[in-house]
Amino acid sequence: MNVLKVSFVELNARERIKSLLDEGTYRELLDPFDGFESPHLERQNIVPQSDDGVVIAKGEINQQPAVIISIEGNFQGGGIGEVSGAKIAGALELALRDNKEGIPTRPILLYDTGGVRLQEANYGLLAIAEIGAAMVALREYTSVIGVIPGKIGCFGGMSLTAGLCSSLVMTKEGRLTLNGPEVIEQEAGIEEFDSQDRQLIWNTIGGEQRYSLGFVDKLADDDVESIKKIIVNQLDHKDTHRFRSEQVDLYRSRIQKIDPSQLLSPLDVRRVWNETVAEKRAGDESDRSEENPDESRGRTWFTGLTDTAKSDDVPSVLCTDKTVGDERIRYIAVVPDSNNRFPRARKGEVGLEEGWAIAHYVREVIEQDEDGNRRAIVAIVDVPSQAYGYNEELLGLHQAGAAAVDAYAKARQAGHPVITLIVGNAISGAFLTHGLQSNHILALNDEGVNIHVMSKQSAARITRRTIEELEKATKKIPAMAYDVVSFATLGALHELIDGVEASHPKCEDIEKIEGRIIAAIASARSGPLDLSNRLQSLQAIDNRLASIKVRERLKELW
Amino acid sequence: METMFFEYPATKELANKAHVGVVGSGDLEVLVIPSDEPRTKVEVRTGMTGFDETWGKVLGRFFNQYAVQANIQVNDFGATPGVVSLRLAQALEVSGKYERA
């Protein structure tokens with residue numbers, strides 16, 4: 001029978017949900033009349049939208065209870081701000097509660113997002129960390145299904161959450177990538193990525209390409225009925241495959257076989273990908289002598305706190321275990337390595353090798369401590385950014401990041417105290433990957449400590465403002481500022497530590513920080529295993545009020 | 001960004017609240033909430049400044065024709081007058097019953 005196709009891509013966020021839920025079961029939560037628009041946009045001269053660009057609806061899909069979260073790509077590029085982010089995270093947290101209580105609410109995410117909404121910067125960053133945390137927890141109970149229909153696609157921090165989905169569906173029109181083409185062009189030059197070249201873009205991050213390399217599970221036609229059918233089929237897939245973000249050995253083996261010194265062709269990658277099987281990588285400390293290691297704060301603090309400067313097989317990721325008093329601690333730091341195989345990750349950026357290596361080191365801890373005393377993990381954070389490059393995106397940087405997010409979240413949920421120590425920059429996707437999934441975040445109060453979502457040049461370009469206009473806006477919105485003191489007002493820091501020599505710590509500085517780490521570990525051991533404490537601090541009650549209110553109201557309406 | 005308020009006498013009751021549109025390029029979002037007061041109250045927020053007069057004319061003509069008792073919120077992202085009128089008409093249609101004055 002020939003049936004006319006009905007485009008799913010052309011529908012808006014609300015219509016997309018309605019087209020998927022069984023007729024008559026649609027019930028929207030926090031609808032446009034509930035009065036939850038962004039509290040930050042009007043002050044920046046931007047007209048808000050009544051639902052802040054995210055639609056949450058409960059209902060049934062194929063007679064099974066479901067909650068569908070749909071992002072409106074036409075409003076502010078589907079950017080995740082405080083309210084829209086809290087709606088997504090809150091809905092996932094309630095779906096988790098349902099599933100824990102035996103109510104099998106199926107979570108489905110319809111992505112159409114540019115990532116963090118730059119006008120709400122760190123609010124979006126924190127929300128995306130919370131979304132990831134909820135997804136990792138929820139996946140243990142039920143399939144989390146993601147759909148990337150296209151128009152915008154799925155970019156930035158949200159691509160990390162797509163990498164966490166139990167099952168990911170995409171159309172040809174969809175795009176999936178951590179760094180968008182414009183950002184790569186801005187940061188790495190037009191030789192690296194020409195953001196005007198549509199064919200290049202779709203050949204790198206488009207749905208067909210992603211499917212051919214196994215980054216998505218199903219390639220769908222742009223048709224309502226076939227997309228619904230695929231979703232229904234995926235609902236029961238829970239036990240049939242391992243999550244992509246857990247396949248650390250396989251992806252590490254694949255990436256090791258790649259020669260990243262030149263721009264790769266998708267076909268070459270496909271060949272290597274398919275030929276490679278998962279192998280545990282053997283550590284080869286011997287030939288990796290670190291005679292002239294690249295200096296960085298991350299390395300300085302790692303060396304100071306652990307008395308070692310050792311890296312296993314990836315020179316840019318330092319990892320070692322140390323016992324302090326009764327606590328066994330695994331320290332992990334990402335550091336610059338001017339000989340990095342991947343040229344775009346030589347200055348301490350979190351790239352492919354780094355993301356997967358972090359995932360490896362964290363998972364090792366979970367596996368080794370499975371039946372007993374769970375050691376602590378400390379992430380030393382000094383990361384200027386994620387790696388901006390064509391090869392990076394082709395080879396799935398978002399998936400490497402998702403693997404690290406998954407590992408840290410899993411460790412925290414299993415009862416390993418996970419502590420983040422920010423000694424330098426903590427930026428964007430790099431911070432989401434390495435640092436934002438911890439029980440507690442400690443930061444040095446120092447001018448060289450910066451936390452934000454995008455360099456000023458790129459942020460200005462993407463939001464079509466001058467750098468001066470951008471700087472003016474950061475004065476009004478603490479979440480847009482780059483300094484650690486502003487970040488502290490958002491309440492996600494466990495402690496902002498004063499009076500420490502951040503660049504050249506002395507012995508007493510190291511001792512002092514070690515003491516704070518031990519205290520934070522003790523606190524984490526008796527605290528919650530999720531990220532809820534970030535919204536319970538006094539600063540959060542003042543400055544993340546919308547994040548709290550959205551969750552409260554969602555709970556009432558659920 | 002600019003915020004404007006308009007008010008018109010109204011006589012027709014509306015059945016339901018209604019929401020249409022998106023605050024996206026060339027489009028706008030309209031929220032209609034029925035009211036018991038005999039007037040139409042409209043709040044317009046728009047990113048395109050300096051079109052007060054145009055808004056006044058477009059809305060004046062529309063609510064002269066459809067004198068609905070309602071509070072209406074318009075969030076605009078550069079919609080043309082034609083699109084504005086279409087969205088308003090669509091909102092009233094979603095809202096259910098309305099009669100021409």
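Across the interface of chain A and chain B, six residue pairs are in polar contact, both residues being at pLDDT 80 or more. A polar contact is a pair of N or O atoms within 3.5 Å; within protein, one must be able to donate a hydrogen and the other to accept it, and residues adjacent in sequence count only if both atoms are side-chain atoms. By class, the side of chain A that touches chain B has six nonpolar, six polar and five charged residues. Here Ala, Val, Leu, Ile, Met, Phe, Trp, Tyr, Cys and Pro count as nonpolar, Asp, Glu, Lys and Arg as charged, and the others, Gly among them, as polar.

This is a predicted model, in which local features need pLDDT of at least 70 and side-chain atom pairs count only at pLDDT 80 or more, while totals for chains, interfaces and linings use all residues. Residues are numbered from 1 along each chain as its sequence is written, chains are lettered from A and ligands numbered from 1 in the order in which they are written, and side-chain values use heavy atoms, with hydrogens and water left out.

Chain A gives 17 residues to the contact and chain B gives 19 residues, contact meaning heavy atoms within 4.5 Å. About 1300 Å² is buried between the two chains, 61% of it from carbon and sulfur atoms; this is the accessible area (1.4 Å probe) that two parts lose on being put together, summed over both. Two salt bridges are counted between chain A and chain B, a salt bridge being a side-chain nitrogen of Lys or Arg within 4 Å of a carboxyl oxygen of Asp or Glu. A:Glu37 forms a salt bridge with B:Arg45, with the closest N and O atoms 2.7 Å apart.

Helices (H or I, at least four residues) and strands (E, at least two) are DSSP runs numbered from the N terminus, and two strands pair if DSSP finds at least two bridges between them. Eight bridges join β1(B) to β4 (residues 39-46) of chain B in the antiparallel sense, and B:Phe6 stands opposite B:Val42 in β4(B). Axes are lines fitted to C-alpha atoms, for helices over the stretch in contact, and angles run from 0 to 180 degrees between N-to-C directions.

Chain A has an open sheet of seven strands, ordered β1-β2-β3-β5-β7-β8-β9, also with mixed pairing. Because β1 (27-29) and β9 (218-220) of chain A stand at the edges with a single partner strand each, one side of each is left without a neighbour in the sheet. The twist averages 25° from one strand to the next.
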